[in-house]
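This briefing concerns a predicted model, and it takes up in turn the sheet, the helices beside it, the domains and the nonpolar core. Please keep the structure in view while reading.

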Amino acid sequence: MELGAVVVVPVREDLMSIHEAQPQALQASENSRPFYSSRMPILGNDIVRSWMERVRKLGLQSLWLTSSPRDESVDRSALAEFARQGVERLLVIQLKSYAEMDLADLLRFHCESRNPVTEAEDARGQLGVCLRDYLALQATGEKSAFPSAPTDSGPTPYQFRGYAKRILTAKERQELVRDALTGACAMRPLGTEIRERVWVGEGANLADSVRVIGPSYIGARTIVHAGATIGPFASVEHDCVVDCGTTVERSTVLPETYLAPGLLIRHQLVDGGYLEDLSWGAVADLRPAGLGSRIQRREARRQAFREADVHAPAGRASARDFAPSSTASQPWLRVQL
Amino acid sequence: MKATPWTILPFPCGASFADRRGLRKDLLVALRDSGSPVIVDFSSCGTLNHEDIDLLLECAAQAAGRETKVLFVAGTRVNRVLLEVTRISSLVPVFNSVKEALAYPQIPTENEVEDLRVSQFQKPGSA
């Protein structure tokens, strides 16, 4: 039976458009909605790549990468198109969790239970990993034509008992950071362990007076100025600048973020000019007060990459041949494993 | 201990440059000269910019080393977060509302502490 795989990255399209059209709109946001993407690295690790590696171990040569608004599954017509293209079984991974899952075991369970759809769950519910067989794929596209076809509800779920953590909120993400820094899961920070539970990425620059309290991580090419304190349980991702005297504790600083001097970042997540408090869920705009910002030097490169992402499917034979890209609202990328 | 009346001062956010300058002067004078505790209320400010942060730091500096006690009313969680990030909340007590701030126990000033000691000393049966 031909197996295909799709990784779906949840995006907050509404929030992205607010950022672009009304940058002031988030200044006084009090809600707990996350404002970062689950594609952001965690201790230098790309969660998509960790799933890709698991898919590769199943023997697949490639997978499809797409995006979808949060809490929505991938475009149904696109899934059904996989069935029409000859894919009889599809592994759909929504990037809303990090799970140390043996996908071969999931596949084995799926085959043995003979369910058309198998959802992976842990004690907290669905993990966003699902196997769909031909019949179920067809039913997703033509539900009305197959009223008796099995649907998503009903079949026995695959109970996953290994390590799993949701990554859609800043708080969950920080829990994963903590677990990875303390060895509670298999993820390891991407860098050199310069002393016990202190990891530093390639090209990071720390002033002599910087105090690093483990467990902590400082990403590649990040600059930490004099008198700053990093840790414990802190993750400063790649290409950040932490200015003099600032403390980052039990927090994450996402890539390409500048933090002004003398700040206290405690139990918070900072992404460029925005900060989310993990206790209150309040999102503050740091820019008007000059407390934080996105480092501009890579902004242009990122924008170019984003545009390339959007337009890539039309330019690739594999994507052009694939009918869903013409009907689906999201771009589809074929990634070689 | 004497119950001292509070002075509540609105924070000059969102005002024009001239108004802001006037309010800023009033605020700093009140902090410097007022014998009563001062509540600086910026709960109507949607967010704080760098001028606001500077002024709040100045308020904290004016109150430091004086008998004047200063309290901040942040209003929103976002403002509270900004005060924590800038460490201002470690210098000055911060509240969500004026009502909460008014309920804050008044710490006796140095003179009042002196009065208190004298009155305690004069109590019959005291050592």
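Two strands are taken to pair if DSSP finds at least two bridges between them. With that in mind, Trp64(A) stands opposite Arg334(A) in β26(A), and five bridges join strand β2 (residues 62–69) of chain A to β26(A), the two running antiparallel.

**The sheet**
- In chain A, seven strands form an open sheet with mixed pairing, and their order is β7-β5-β6-β3-β1-β2-β26.
- Because β7 (158–159) and β26 (332–336) of chain A stand at the edges with a single partner strand each, one side of each is left without a neighbour in the sheet.

**Helices on the sheet**
- Helix α2 (residues 47–56) of chain A lies across β1 (3–11), β2, β3 (89–94) and β26 of chain A, and runs at about 170° to β1(A).
- Helix α4 (residues 103–113) of chain A also packs on the sheet, where it touches β3, β5 (117–122), β6 (125–133) and β7 of chain A, with its direction making about 130° with that of β5(A).

**Domains of chain A**
- Chain A is divided into domain 1 (3–29 + 39–167 + 304–336) and domain 2 (170–294), and the contact takes 15 residues from domain 1 and 26 residues from domain 2 of chain A.
- On the side of domain 1 of chain A that touches domain 2 of chain A, the residues divide into eight nonpolar, four polar and three charged.

**Nonpolar core**
- The largest nonpolar core has 112 residues, and those with the most contacts inside it are Val6(A), Ile93(A) and Val40(B).
- Domain 1 and domain 2 of chain A both give residues to this core, so the core lies between them.

Key. Residues numbered from 1 in each chain as written. Chains lettered and ligands numbered in written order. Predicted model: local features only at pLDDT ≥ 70, side-chain atom pairs only at ≥ 80, totals over all residues. Helix = DSSP H or I, 4+ residues; strand = E, 2+ residues; numbered from the N terminus. Contact = placed C-beta atoms within 7 Å. Axes fitted to C-alpha atoms, helices over the stretch in contact; angles between N-to-C directions. Domains from an automatic or database assignment. Nonpolar A, V, L, I, M, F, W, Y, C, P; charged D, E, K, R; others polar. Core = buried A, V, L, I, M, F, W, Y, C linked by C-beta atoms within 7 Å. Buried ≥ 20, exposed ≤ 12 C-beta atoms within 10 Å, placed from the backbone.
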